[in-house]
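Student: I would like to go through this model with you and ask, for each label, what value stands behind it.
Tutor: Then let us set each value against its definition and conclude from there.

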Amino acid sequence: MNATTTRGTLLTAVACVLVGASFTANSVLGDYPYAGGQFLRYGLACLLLLPLVGRGGSAPLRRLAPRQWARLALLAAVGMVGFNLAVIAAERTAEPAVPGVFVGCAPVVVAVVVPLMEGRRPQRLVLYGASLVAAGAFTVQGWGRTDGAGIAFSVGALAGEVGFAVLAVPVLRPLGPRLLSATVCGIAAIESAVAGILTEGTAWLRTPDPTETAALLWQAVVVTVIGFVCWYMGMQRLGAERATLFSGLIPVAAACTAPLVGTGSFGLAQALGSALVGAGVALGSRAPDRATSGPAGRSGRRVSPGQGGTRRLGWRA
């Protein structure tokens, strides 16, 4: 494993662990308006990310084609705002583990979709590793009560999780992790505000209480600013296929931290599932490095061409 791959592995793992460990903060927002919470979370994250972009760092945005702007809008709508809406809708008739299991299949879908988009065959090691990760996520979370609507919306959540990685592939190179994160957060904030006004009227936004404020700050600063940048920096080094393998760490991190706050337990199933996730990540990471196959970036280093309860799973939770 070279230095680039090692950094990518660490960055992606940190991002996923941060999300998995954030479920406690997310759980206190159950009574806060969904659209308003997403608006505050992504709006604040965008403002915090802009200084990281640096003076003149937004110049690549002026060179984007209309279809690339459309892709960014779709990324925010599907992979961020839509993802959370699908999870909330799924859990109206399904237990939280059900959408969690579907989202855990994201590495398998990405391992197939990204190579096909690039005109090549899926890598066997990545596909085998992704299957182990999905099996591990299922073992950690288990299954639960559901119906047809719960399954349908859970599939929608899976589509959102996949879209968060796949839709970013063509725009990651021209924008870079920081500018990409800032841009999609700004777009997601606008989309959340529009959705809130259309669906909830004047009730879409209210002043959060101290506990809700702390939770929203955690989501914005830790999960979004740090998590998104680490995720896209890792994906830039590993490629979408191998980076998405690490999403299996999200339920593992949640299972490991739940006993600390008395919201769950860590037993044999969680230990076995964690081992399966680790084995899947290790196996998939042994695949040949596709990140060196693209044209050289501005730095001269070749880079690749290219996400619990209602708010307790996935990247945008």
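Student: What is the order of the elements from the N terminus on?
Tutor: From the N terminus the elements run α-α-α-α-α-α-α-α-α-α-α-α-α-α, and the count is 14 helices and zero strands. Helices here are DSSP runs of H or I with at least four residues, strands are runs of E with at least two, and both are numbered from the N terminus. This is a predicted model, in which local features need pLDDT of at least 70 and side-chain atom pairs count only at pLDDT 80 or more, whereas totals for chains, interfaces and linings use all residues. Residues are numbered from 1 along each chain as its sequence is written, and side-chain values use heavy atoms, with hydrogens and water left out.

Student: Where is confidence lowest and where is it highest?
Tutor: By pLDDT, the predictor's confidence in each residue from 0 to 100, helix 2 (residues 23-27) is lowest with a mean of 61, and helix 10 (residues 169-200) is highest at 94. Over residues 291-315 the pLDDT is below 50, although this stretch has 81 contacts in the model beyond near neighbours in sequence, a contact being heavy atoms within 4.5 Å. The average for the protein is 82, and 85% of the residues score at least 70.

Student: Why is C230 called buried, going by its relative accessibility?
Tutor: Buried means under 20% relative accessible area, exposed means over 50%, and partly exposed is in between, with a 1.4 Å probe and protein chains only. C230 has 12% relative accessibility and therefore counts as buried, while C105, with a relative accessible area of 28%, is partly exposed. Buried residues make up 52% of the 317 residues in the protein.

Student: How many disulfides does the structure hold?
Tutor: The structure holds zero disulfides, the criterion being a pair of cysteine sulfur atoms within 2.5 Å.

Student: What makes Q68 and F83 buried?
Tutor: Q68, which has its place in helix 5 (residues 66-90), counts as buried because its relative accessibility is 16%. F83 lies in helix 5 and is buried with a relative accessible area of 0%. Leaving aside neighbours within four places in sequence, Q68 is in contact with R63, P170, V171 and P174.

Student: How do you know that the buried residues of helix 8 line one face of the helix?
Tutor: In helix 8 the buried residues are V126, G129, A130, V133, A134, G136, A137 and V140. Seen down the axis, these buried residues of helix 8 fall within an arc of 160°, so they line one face; the arc is that of the directions from the helix axis to the C-beta atoms. Just after helix 8, G142 takes a positive phi of about 80°.

Student: Why is the pair of F164 and Y232 called tilted?
Tutor: Rings of Phe, Tyr and Trp (its six-membered ring) pair if their centres lie within 6.5 Å, and planes under 30 degrees apart count as stacked, over 60 as edge-to-face and the rest as tilted. F164 and Y232 are 5.5 Å apart centre to centre with 40° between the planes, and their pair is tilted. This pair links distant parts of the chain, with F164 in helix 9 (residues 148-166) and Y232 in helix 11 (residues 210-238). F164 and Y232 are both buried, and together with F228 they form one aromatic cluster.
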